[in-house]
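I opened a new notebook page for this structure. My entries follow in the order in which I looked things up.

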Amino acid sequence: MHKEISDFLNRSVSGADAQVISATVGDSAIYVNAKQILKVCEALKNSPEYQMNVLQVITAADYLAAAATETTPAVEERIELTYVIASFIKNSELLIKVKLPRGDKNNLPQIDSICSIWKSANWQEREAFDMMGVKFNGHPDHRRILCPDDWVGHPLRKDYVAMESYNGMTIYPEDKLNFKEREFGVRQKTDVKGAVTSISNYELGAKNIN
Amino acid sequence: MSSQHNHATVSHELSLGQYFDNIKTAVITTFKGMMITLKYVYGVRPVTIEYPEVKEELPEISRSRLYNDAENCISCLQCASACPVDCIYISANRRATDAPALKTKDGTAIKLDLTMYTIDTALCCYCGLCTTVCPTSCLTHTTDYEYASYTVDQMKYDYLAPEVRAWRTRIVKD
Amino acid sequence: MDVNQEKLKTELLTVNMGPQHPATHGVLRVEIKTDSEIVAEAIPHIGYLHRCKEKHSESLDYRGVIPYVDRMDYLAAMNMELGYCLTIEKMLGTEVPKRATYIRMVCAELQRIASHLMFFGTYAIDLGAFSPFLYAFQKREEILRLFEEFSGARLLYNYIWIGGVWNDITDKHIERILKFCDELSEELKKYDTLVSQNRIFIERTANVGLISQTLCYEYGLTGPLLRGSGIKWDLRKNRPYCFYDKMEFEIPVGLGEKGTLGDCYDRYSVRMREMIESIKIIRQCLQGIEAGPVMGKVAKVLKVPAGEIYFRTECPRGELGYHLISDGSKKPYRLKVKSSCFTHVSVLPELAPGQMIADLVATIGSIDIVLGEVDR
C-alpha cells in the first residue's frame, strides 16, 4: 500500500520526493519533502482513491547528532515530524514523515501549516510548537498551548534545560528535590534528610535471627 | 466556511397549547423520576459507612502502605531500579568476611549489610512494581491506609528505625 | 439577528469560566466573550494539569511507564493501560495468553461502563439534577470494588502488564461480575426513566451543541462524538484488537430522536446505549474465558526493537493512539499520546458562538473531557 501511495504522491505533487521506509517491526512510513507538505496532504485528502479525511495527530521527535557505534547506526541531527493521517471511509492509516533541521533558539525550524486542510491541525501544530519548537508558517493562532506563554525553551527537545526560576518561583526547590541526582546504588554514608537512620537497630534485629 | 456550523439554540414560536403541554409533560416526567428517588427513602440499605467508627476492611491484595521487613532484605536494589518515581533509597555495605553468616527466611544468604532503607511515601505512586520484583518478598504492600501525617518529612519512612519497625506487629500479616 | 437586536448590541464582556469551575470537569479555563447571555466567542485555555508525561516516559523503562499512563485518563485507567500494552506487545511480537486477553477485555469494558456512569452522573449535575449522580456512583463503586479485589487499587491500577495481566481472577469474581451485569441492566432502565425521558433534560440537551458530520472529520473527532453525529465508526468493530472480532455487539449511533442529529442528547444517548453493548461483551467474554496462564513470556529486561508504531484503541472518550518511536534501548525514545480529549476540546470554539452560557455548560459536559488526558 505504501508503495502505491508514494508513487501516487510523486506523480501528483512535483517535488514531493516521496520514498517509503518499510519497517520489519511496527509501521512503515513515507518520507516527503518538507516544502511540499501542504500539497501532499491536499492530494491525499482529495484523492478519490485514498480519501484520507482525518488528521489524527502530529508528532515531533528530536534527534541529536550521534556518531555510529557498534550496535547503532549514526544519527543525523534533525527534527522529524510525523503526520498520522487516517481514512475513516477506506479504513486505513498512513504515517507521513518530514525531516527538518533542528535550528536553534533564534532560528526555529519552519514548515507550512496545514490548518487550511484539516482544522484539527490547529491544536496539534500548537502543541508541536510548544513542545518541540517547530514554527508553522501560516498558522492562524500561533501560540503556546500547554506551557505558559512566557515559558522559555521547548521541553521535549532532548537538550532541554529547564529555567531556574519562573516568575519568582524556583523550579527545582532544593528541599523538594527527589534524590534523582544521586548516583544510584552508591555505597555512601550520608543520611536522608528528615529520616532517622539507626543502624544499631538493624544490628539488633540481625542478632535476633541468629 | 466555519460559520455554517454555528447554530444558536433553535428558538421556536410556541403556541399557548404547546406551552402548557410542555409544562404538563415536564411535571409528569419529573414526577416519574421522583417516584424512583422516593423508593430510596425507605427500604434501601444505606451504602455509606460512618468512617472513623466503622472501618472498611480492604481486600487482602490491596496496595497500600509499603513495608519492608529489613531482616529479610538482601539489598539487591531491584525495587529501587523498578520504581518509576525513584522514591526508594537504599545503601548497603559489604559484610565483613569474618562476620557471622546471615540468612533470610527463605534461605538466601545476606551478603550486604543494609545501612539505609528509606521510602519516601509522599512520592510513592503505589504501582506495585517494587513488590513484584522483590526476590525474597520482604517488601510488601500492606492494607493499612491510615497514615496521614502533618509534614512531608514524616512521610519518609526509614525501615531500620525502631519506631517504624514497631508497626510490624500492627500491619504485617504473616 | 434583526435590526432591533443590532442596535442593542453592546461591548462584549469577557468572563472566565474556570479553571476552578465545577462545570468544566477539571482545570479547564474557557475565556468567554459574551454579549449579554449569548456567547460570542469561547477560547479554551489548557495546560493547568500538564505534567509532561511524554518527557517523563523518555527516562523510564517500558514497564515503569504504565503507572504514568494510568494517570492520564484517571477515569478510564484500564483502557489507557490496554492501549499502551498492546502497542508494546505489537512491537515485541509477544503472544498474550487467551485467558489474559479475555480478562483484559472484561476490565476494559467494565471500565468503559464506570466511565460512562461517571459521565451520566456529572452530566446530570451539570444540568441541575443531583440524585442521578448518587445512583451512578453507587454502581460505579461496585466496579471499583471489583477492580480493587483483583488488581489491588481502586483508580490507578497498573493491572494490565506487558505480556498479560498482573493477577488472575477467580470464579468468585466472575460470578460477581455477572451478577453486576444483571443488576446494571435493571439499573439502566431506571436511569432511562429518571433522566433520559425527563422533559426538562430533553429541552436542555436536544438541539444544543450540534456537531455536523463534516465538522467531525475536520476536527478528527472520535468516539461517542463521532457516533453521536451518526457515523458508524468504532475501532472495536472496524479495526478489531484483542478478541473484539469474535464478539457480537452493535455500534450505537445517534438517531436525532429528540432533536437534530449530532446534538447533546444524541451523544448522551449513545453513551447510555454503549453501556448495554458493553454488558453484552462482558457476558460473552466470561462465557469464552478458559483456564490457563495470565502472563506470557516476556524478557526480564524489556528491549523493544528499533522502529516506530502508531496504534490506536477505542477508549470510553474516543480513540487513544500511541505513537512510539524506539531506538532499541530499554527506554522509549519518544512516546506521543494522541488523546481524544485534546482533539475534542479543540472543537469547542466552533460550537460555542451563538449559544447561551447555560447551553455551553451542557455542550462541555456532553463532550465529556478529562483534563488529565487533555494536558497529559
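Domain bounds here come from an automatic or database domain assignment. I also note at the start that this is a predicted model.

**Chain B, domains**

I looked up how chain B is divided. The assignment gives domain 1, residues 13-47, and domain 2, residues 66-171. I then checked how far apart the two lie. The C-alpha centres of domain 1 of chain B and domain 2 of chain B are 58 Å apart.

**Chain A, overall**

I went through the elements of chain A and found 4 helices and 9 strands. Read from the N terminus, the order in chain A is α-β-β-α-β-β-β-β-α-β-β-β-α. Chain A has 210 residues, and 33% of them are buried. I also looked at contacts in chain A between residues at least 6 apart in sequence: 48% of these join residues at least 24 apart.

**Helix pairs in chain C**

Two packed helices are described by the angle between their axes and the distance between the axes. I used that description for two pairs.

How do α5(C) and α6(C) pack, by angle and by distance between axes? Helix α5 of chain C covers residues 98-126, and its angle with α6(C) is about 160 degrees, with 8 Å between the axes. An angle over 145 degrees counts as roughly antiparallel, so α5(C) and α6(C) are roughly antiparallel to each other. The crossing of α5(C) and α6(C) is left-handed. On the α5(C) side I noted several contact residues, among them C:L110, C:I113, C:L117 and C:F120. On the α6(C) side the residues include C:F133, C:F137, C:I143 and C:L144. Sorted by class, the contact of α5(C) with α6(C) has 15 nonpolar, 2 polar and 2 charged residues.

Next I took α6(C) with α7(C). Helix α6 of chain C spans residues 131-151 and helix α7 of chain C spans residues 171-196. Their packing angle is about 165 degrees and their axes are 11 Å apart. α6(C) and α7(C) are therefore also roughly antiparallel to each other. Their crossing is left-handed. From α6(C), the contact is made by C:P132, C:K139, C:E142, C:L146, C:E149 and C:F150. From α7(C), the residues include C:R176, C:F180, C:L184, C:E187 and C:Y191. The class count for the contact of α6(C) with α7(C) is 9 nonpolar, 1 polar and 5 charged residues.

**Where the chains touch**

How many residues does each of chain B and chain C give to their contact? Chain B gives 27 residues and chain C gives 31. On the side of chain B that touches chain C, helix α1 of chain B (residues 16-41) has the largest share, with 9 residues. That side of chain B divides into 12 nonpolar, 13 polar and 2 charged residues.

I then turned to chain C and chain A. Here 29 residues of chain C are in contact with 27 residues of chain A. Elements of chain C that each supply at least two residues to this side include α2 (53-57), α9 (213-219), β7 (318-326) and α13 (340-346). The largest share, 4 residues, comes from β6(C). By class, the side of chain C that touches chain A has 11 nonpolar, 9 polar and 9 charged residues.

**Single residues**

I looked up C:R51, which is in the loop between β3 (38-45) and α2 of chain C. C:R51 and C:Y68 are 17 residues apart in sequence, and their C-alpha atoms are 9.9 Å apart.

Is B:A70 buried or exposed? B:A70 has 22 C-beta neighbours inside 10 Å and therefore counts as buried. B:A70 lies in the loop between β1 (66-68) and α2 (78-82) of chain B. The C-alpha atoms of B:A70 and B:Y159 are separated by 6.7 Å, although the two are 89 residues apart along the chain.

My last two entries concern positive phi values. A:N167, a residue other than glycine, has a phi near 50 degrees. A:N167 sits in the loop between β8 (165-166) and β9 (169-170) of chain A. With 7 other C-beta atoms within 10 Å, A:N167 is exposed.

B:S137 is not a glycine either, and its phi is positive at about 40 degrees. I found B:S137 in the loop between α3 (129-133) and β6 (139-141) of chain B. B:S137 has 13 C-beta neighbours inside 10 Å, so B:S137 counts as partly exposed.

Key
Residues are numbered from 1 along each chain as its sequence is written. Chains are lettered from A and ligands numbered from 1 in the order in which they are written. This is a predicted model: local features need pLDDT of at least 70, side-chain atom pairs count only at pLDDT 80 or more; totals for chains, interfaces and linings use all residues. A residue is buried if 20 or more other C-beta atoms lie within 10 Å of its own, exposed if 12 or fewer, and partly exposed in between; C-beta atoms are placed from the backbone. Two residues are in contact if their C-beta atoms, placed from the backbone, lie within 7 Å. Axes are lines fitted to C-alpha atoms, for helices over the stretch in contact, and angles run from 0 to 180 degrees between N-to-C directions. Angles under 35 degrees count as roughly parallel, over 145 as roughly antiparallel, 65 to 115 as roughly perpendicular and the rest as oblique. A crossing is left-handed if the near helix is turned anticlockwise from the far one by less than a right angle, and right-handed if clockwise. Ala, Val, Leu, Ile, Met, Phe, Trp, Tyr, Cys and Pro count as nonpolar, Asp, Glu, Lys and Arg as charged, and the others, Gly among them, as polar.
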